[in-house]
Amino acid sequence: MKTEISFILNGSEVRVAVEGHHRLIDVLRGPLRQTGTKEGCGEGECGSCTVIIDGRAVNSCLYPALEVEGKSVTTIEGLQGPKNELSVLQKSFVEEGAIQCGFCTPGMIMSAKALLDSNPAPSEDDIRNALQGNLCRCTGYVQIIQAVKKAARQLKGRR
Amino acid sequence: MTDFYHIGKKASRPDGPDKAAGKALYIHDLERPGMLYGKIKFSDHPHARIKRIDTSRAEKLIGVRAVITAANTPEIRFGFLRDNFALKKDKVRHYRDEIAAVAAIDPETAEEAVELIEVEYEPLPGVFCPHEAMKEGSPLIHESDPQGRPRTDNLIPLKFHHESGDLEAGKRTAKYVAEGEYSTPMVQQCCLGTAGCIAEFDMSNNLTIWAKTQIPFLAQRDFNRALSDMGLPGKNTRVIVPTLGGAFGSGLDTHAYEYIAILLAFRTGRPVKIVYTRTEEFANLSPRQSSITKIIQGCDQNGKLTFREVEVLQDNGAYTSWGATYPSVMMMPATSLYRVPNVYFNARLVYTNNTFCQAMRGYGNPEHTWALESNMDELAEEAGIDPFDFRMLNRNQPNETTPMGLKVSTCGLKECLETVARKLDWKKKRKKGKRSGVGMASLIHVGGGGRIYRSDASGLILKLDDFGNVNVFHGGVEMGQGLHSVLTLAVAEALGVRPEQVIINPTDTGTCPWDVGTHASRGAFMACNAAILAANKLRSKIFELAEEFFPRETEQNLKKYREKNPGYKPPKFDVMKAARRDRFELHDGFIFIKDSPQEPWLRLELGRLLRAVHFRTQGQMLTTEVFYDPPNELPDFEKGLGNISATYAFGTQGAEVEVDTETGEVKILRMVAAHDVGKVLNPLALKGQIYGALAQGLGYALYEELQSQQGKIMNPNFRDYKIPSVCDMNFPIDLEFIETDDSYGPFGAKGVAEPGLVPTAPAIANAIYDAVGVRIRDLPITPEKILAALKKIK
Ligand code: FES
Ligand code: FES
């Protein structure tokens, strides 16, 4: 039995038919073809599927698709600027060497974005707290922390 | 040292923006028109005869397009010793044996169909411990070898042995001796992007496979052989490597799931995709082998090593992969880390009913360095010498040949040891008690390729287009480590163009020249050496053509320049005469004459030259190809002799830890890492390699262990198999790179991908001993083990 749901995805309204057992990630990667959101475990343990729902970082692999009805979802695809450019946070990840294989990157950036949106001047502990659910096997996290710090500094300069 | 324009400068990676935007396409993201989804039915027993397989219910499920078993498909053998089968016919030897597979229109249907497959087994007694497996009368995992000859034991017929000097004499001259048995667990690569592939046939029965591989060309060979087994001799495979979500050694073999996807694709005539879930990955993808190493070392009264004796036993699991050759790398530190005159090394591998193992970063070196560097500290204590002084006394030196025949060219081990001691404040912090302590450990690793196969070569093509861009075709694999980042810089530097003008093409056996594979920390070393050779060839061609075109084109430049700058008087300079191939230089994409006046019109844009050459009658395009084979040798592993690499990487890591004696928890206060990298190519990428490897080393030291009970993986998820999180990496890491400027290295650089995790665990263990006086010899060093050991010494 499919149910049609509608929600805001990266600023535009979308309508899609979903099954009761579908998770948000299934809908994003499946019918909506937004493959930027990655599935690293499917069990809420790695954070690679992180998206932002109404301002909160959420594991889309645990989030029932039906519950997204009427909500606003931001995925990594929603961060790009109008002239095909990266956001400050994304650029900072690139420049600081925070990306290796890149599989954890979209989720990592979404968690960092949710943090910076609510806390523009995070301490290192705040950053660690915000990213503790996002596993990365490649980088050892050092340059990821540096990237988030740098983005925070730059965004502050802009405010 | 030479000054470089790009090499050594911080540069971000070319694939970074797409990855940051979520646009990089991993195997999980790829789709082909009409694609089906494959799913595998794995064994329900660790050791059993297959009595009957009933697939009838699965076949009837709506949406199922094919169900295959060994009974209805041709036999495909694979594995390092060809002891494995894509689908198992009579017998299963571990839980992950593939019994049947399904292709269906969506993943859910495929999964449902697999659950409908019924298998009847006759369970056999299993053997799960390598010691047990070697006992007489132990159940045989393989009753016959791949040639059909009966087997009488579970020993793997591979010999890794070394003897040099006079062991008995070494023992006689030893005043102090330390002996111990050290073990390491199975650990998983834990790539964030799980394994998978898409297989597709065209109507001529040639195969294209998108594979998560580090060895596209050896995989092509394996798959072509499979095609031949399928009755398609002479048919070809094209291997395309998508963006990889990590690899860490897991792509050094071809896998049963790939052969199964190929069989399903052929059976259905449709593209078939198989991607592992995380649980499947933990349970069914080969991990790093466990090992048990017995080591005895002795030194004379002055602390000089007099002998080293090593026995390794490895639980190989039920089938062989390339990972069965770990001892080929173990014998490198065993014979060659620190100067030791009399050495004995022997390794045995046994089949068991455990999951079979494969390569992981470091390939035997972390296992062996764990034993060796723990034992070095124990011997230093026996001899009453400070462990740092003891290492300095026995350290390797430049231009020496080790007992294995490794020809050490440059060696920064002295500087590495000193750096770590200085940064740790060694003499002050050492033996201070109070539950905190410092420890160190060093490493030697291949840094100039690693010849474990007949060819250790790497081909590379540079193709210039009409616009001065350079297209690079290279068979090495970018799996996240930053190969394409350093290759971009190397091409830009060596050719004389801007990094933005360098375009690295996707790795594809159909377009790239042969490369043995991205392993043994060889990627950057090989690719950059090849890039330098190719760039030099291309520069010769460009400068030869410039003799003809430069005067003509710059004269036009001058004309235009004069129109814009009336009254301009050009300096006296005879372009015609100076335009000689040996006087040209190319930089930033512009050709000019060395020592010529710095006039803007006296430069020729590379693209303009290329267009002039292209569009004249009987024009030409510039492409060059090289095949770089490094100066190293394939060792005789039965004798343990041979210079396996062109150069060797050294390094030392140090840890300062605090141990809670109530809970047994270890807190890392800081880590220091000093690595002889030859030359820093890109500091950003290099730091990332060391930080990342060190984090894996930390996991290896303190938490990671794939738990297997009667052959079943008990912790197939990130909840129960813990890898370091950002909260665990909550300590400062002080990195220092020692530049020894190796003459074999591209721009002086050595391979560095693996060294960062090799000495981490023993450095931490040695620090724990310094802190609380307990010596843990069995990884991982869990709080329980520390508490138990503390109890014993009380
Ligand atoms: S895929 Fe959602 S947490 Fe891992
Ligand atoms: S960059 Fe590979 S998992 Fe984070």
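Buried area is the accessible area, taken with a 1.4 Å probe, that two parts lose on being put together, summed over both. With that in hand, let's walk through this predicted model, starting where its chains meet.

Between chain A and chain B, about 3,800 Å² is buried, and carbon and sulfur atoms give 56% of that area. On the chain A side, the residues that lose the most area to chain B are A:Gln100, A:Arg128 and A:Arg137, which together make up 21% of what that side buries. Counted by residues, 42 from chain A are in contact with 54 from chain B.

In chain A, helices H2 (88-95), H3 (105-118), H4 (124-131) and H5 (142-158) each supply at least two residues of the side that touches chain B. That side has 18 nonpolar, 15 polar and nine charged residues.

Now let's turn to the interior. In soluble globular proteins, nonpolar side chains tend to be buried together. The largest nonpolar core here has 208 residues, and those with the most contacts inside it are A:Phe93, B:Val657, B:Ile764 and B:Ile768. Leaving aside residues up to four places away in sequence, A:Phe93 touches A:Ala98, A:Ile99, A:Thr105, A:Met108, A:Ile109, A:Ile144, A:Ala147 and A:Val148. A second, separate core of 59 residues includes B:Ala492, B:Cys528, B:Phe550 and B:Phe747.

How values were computed: Residues are numbered from 1 along each chain as its sequence is written. Chains are lettered from A and ligands numbered from 1 in the order in which they are written. This is a predicted model: local features need pLDDT of at least 70, side-chain atom pairs count only at pLDDT 80 or more; totals for chains, interfaces and linings use all residues. Side-chain values use heavy atoms; hydrogens and water are left out. Contact means heavy atoms within 4.5 Å. Helices (H or I, at least four residues) and strands (E, at least two) are DSSP runs, numbered from the N terminus. Ala, Val, Leu, Ile, Met, Phe, Trp, Tyr, Cys and Pro count as nonpolar, Asp, Glu, Lys and Arg as charged, and the others, Gly among them, as polar. A nonpolar core is a set of buried Ala, Val, Leu, Ile, Met, Phe, Trp, Tyr and Cys residues joined through side-chain atoms within 4.5 Å. Buried means under 20% relative accessible area, exposed over 50%, partly exposed in between (1.4 Å probe, protein chains only).
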